[in-house]
Amino acid sequence: MTQSTSHTRKTVRIGGASGFWGDSMVGAPQLVNSGLIDYLVFDYLAETTMAILAAVRAKKPEMGYATDFVDIAMKSVLPEVMRRGIKVVANAGGMNPQGCANALQALAQSMGLSPKIAVVEGDDISALLPALRDEGTRDMFRDEPLPGTLLSANAYLGAMPVARALAAGADIVITGRGVDSAVTLGPLIHEFGWTASDYDALAGGSLAGHIIECGCQATGGLHTDWQDVPDWPHIGYPIIDCQADGSFELGKTPGTGGIILRAAVAEQLLYEIGDPGAYLLPDVCCDFRQVKIEQVSAERVRVSGAQGRPPSAQYKVSATAMDGYRCTGSMVIIGIDAAAKARRTGQAILARSRELLSQMGLPDFSRAVIELLGAETLYGPHARAGSAREVMLRVVVNHPMKQALDIFAREIAPSGTSWSPGTTGPGAGRPSASPHIQPLAFLIDKSRVPAQVRMGDQVWSVPEAPVATPRPAPMPPLPVPWVDPEEEQVEVPLIRLAWARSGDKGDISNIGLIARRPEWLPLLWARVTPEVVKAYFAHLVHGPVERFHLPGIDAMNLLLHEALDGGGPASSRNDPLGKGMGQMLLDLPVRVPRSMVGML
């Protein structure tokens, strides 16, 4: 079965109030006071966030959750949420969902309120780690054995536990590690009565969650044509009106800033996905290749056409391990030849620190990186800022011993009086060492991860969906081959032909490209090949480049492997999440017929 068994014509309205831990405090009040939502959902748990929460919990066992959810978001809206009957779903529980629920319950009691708060449990699989090591479980990206000690190990649960909590009467559902879209899919399963085999509907609901899981990225945030997005300070957070077939319309609170554009929504569809024909989630394997995005009006975009297939029998596990310590020091260098002066300063800091370590009988740094912000070091051979007169030097070092990094930190400030003229600093003082958290991932059978819902003294188990036989999806046709006309060719930057959005999955950077006009996709397919992209990023990308076609939105998705220096908290780069990779690619020179130039 691939179609919803529900025949209701009702619309479920969901507002996305947070895209990460640290998002603006304006999202929740804006959405709640709009009067336009039935559900308020929050996504807090990027993989980097889980690493941060693991470090926090290691110091304070009662913590380990996204405190902003309680102290900022719910504190500002809880009375109005209860008055309006809005349901709330958040993955703010992080490493400690029950701790988050306890803190929220205390807040509610202080306000004279008694919401029914449910907690989704079961994602923490730490107790299984000894057995998994004995079985030879390996990291799915680096193909290495699991470390002897892990700080955390949490399975990405799906949306069924959220739906079960809502069915039990919860007003607020708090989860730990789950896929980002589950906070949206769970309410839709509950409201429309979707079953585990309604694959197309589940794919559509998952896409709805994917579009709003990053907050304002759906309403003009990070849009390639940023100049066209009005009123950034008052940007509207996304609201989706969802139908029983999995289709939905996207809008925002009237009178807010930002913009509702087909192109911006297409960018978000491509954000941080791999193969768009096999976007793997716990509840469904999604196929987004034939998705249609239509501009219904100046304030509405309609999204439809997601297809689904049975999911796999395994969960992905996000884990973290302690890998020594890290320290990052920075100085600003001003004047003629600033980049050269900054690089020499960084080299001198490392040389002196290494000599001191040797004198004290300590080993060398396990990693040392020099970056020059303002000199376009990330651009490598494509840099254009060689004559920059203001550069920030950034030196990152790793070491198994905190004592060694204290020595390094002490040697940052003396550069202000010892070496390059024009040396100053941002006034942050001596840098400090912090634990270096290494993320890793592996797979585990779903049968070994029983999920349950707890609300007060009641506990409900969430049965695992029957495993269905996976089936391959048919490959869509490739774009029509491009044939160059017999006329002069000229070079233009890729940005004049396409919109782009980039993100990360571990050490993989993905760059989604959408043709500004459908008829230009064959040209882009011919020019922006995996080989061209690999060569352009040769200084950063050390693995293969894959490419996928999305005919529904006239787009391609590029996967750049081994592209982020380990990615997330493992990376030493100033762009560890690949946010700038798409912007860099938009500078790529592309040959076009001269007759096209007037249309660009």
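How far is the sulfur of Cys100 from the closest cysteine sulfur?

1. Cysteines. The sulfur of Cys100 lies 20 Å from that of Cys214, the closest cysteine sulfur, which is too far for a bond. Cys100 is also buried, at a relative accessible area of 0% (buried means under 20% relative accessible area with a 1.4 Å probe and protein chains only, exposed over 50%, and partly exposed in between). For Cys285, the closest cysteine sulfur is that of Cys286, at 6.9 Å, again too far for a bond. Cys285 counts as buried at 5% relative accessibility. The whole structure contains 0 disulfides, a disulfide being a pair of cysteine sulfur atoms within 2.5 Å.

2. Basis of the values. The model is predicted, and local features need pLDDT of at least 70, side-chain atom pairs count only at pLDDT 80 or more, and totals for chains, interfaces and linings use all residues. Residues are numbered from 1 along each chain as its sequence is written, and side-chain values use heavy atoms, with hydrogens and water left out.

3. Nonpolar cores. The largest nonpolar core has 80 residues, of which Ile125, Leu207, Ile211, Leu269 and Ile293 touch the most other members (such a core is a set of buried Ala, Val, Leu, Ile, Met, Phe, Trp, Tyr and Cys residues joined through side-chain atoms within 4.5 Å). Helix H8 (residues 199-212) gives the most to this core, with 8 residues; helices (H or I, at least four residues) and strands (E, at least two) are DSSP runs numbered from the N terminus. Beyond its neighbours within four places in sequence, Leu207 is in contact with Phe248, Leu269, Phe288, Val291, Val303 and Ala306, where contact means heavy atoms within 4.5 Å. A second, separate core of 40 residues includes Val32, Leu40, Val70 and Leu78.

4. Cavities. The count comes to 2 cavities of 30 Å³ or more. On a 1 Å grid over the protein atoms alone, a cavity is a set of points where a 1.4 Å probe fits but cannot get out; a pocket is an open set with protein on both sides within 12 Å along at least five of seven lines; lining residues have an atom within 4 Å of a point. The largest cavity has a volume of about 70 Å³, and its lining includes Asn91, Val120, Arg177 and Val183. By class, that lining has 6 nonpolar, 5 polar and 1 charged residues.

5. Second largest cavity. This cavity holds about 40 Å³ of space. Among its lining residues are Asp43, Asp180, Val183 and Glu213. Strand E1 (12-18), strand E2 (39-42), helix H7 (182-192) and H8 each supply at least two residues of the lining, which divides into 4 nonpolar, 4 polar and 3 charged residues.

6. Second largest pocket. The volume of the second largest pocket is about 400 Å³. It is lined by 26 residues, of which Pro282, Lys446, Pro463, Glu464 and Ala465 are the closest to its centre. The lining comprises 19 nonpolar, 4 polar and 3 charged residues.

7. Helix H11 and Gln438. In helix H11 (residues 402-410), Ala404, Leu405, Ile407, Phe408 and Ala409 are buried. The buried residues of H11 pack against strand E14 (314-334), helix H10 (338-359) and strand E16 (390-399). Gln438 is placed in strand E18 (residues 434-445) and is buried, with a relative accessible area of 16%. Apart from neighbours within four places in sequence, Gln438 is in contact with Arg142, Ala319, Thr320, Ala321, Asp323 and Ala570.

Methods: Points joined across faces, edges and corners; volume = space filled by probe spheres on them. Nonpolar A, V, L, I, M, F, W, Y, C, P; charged D, E, K, R; others polar.
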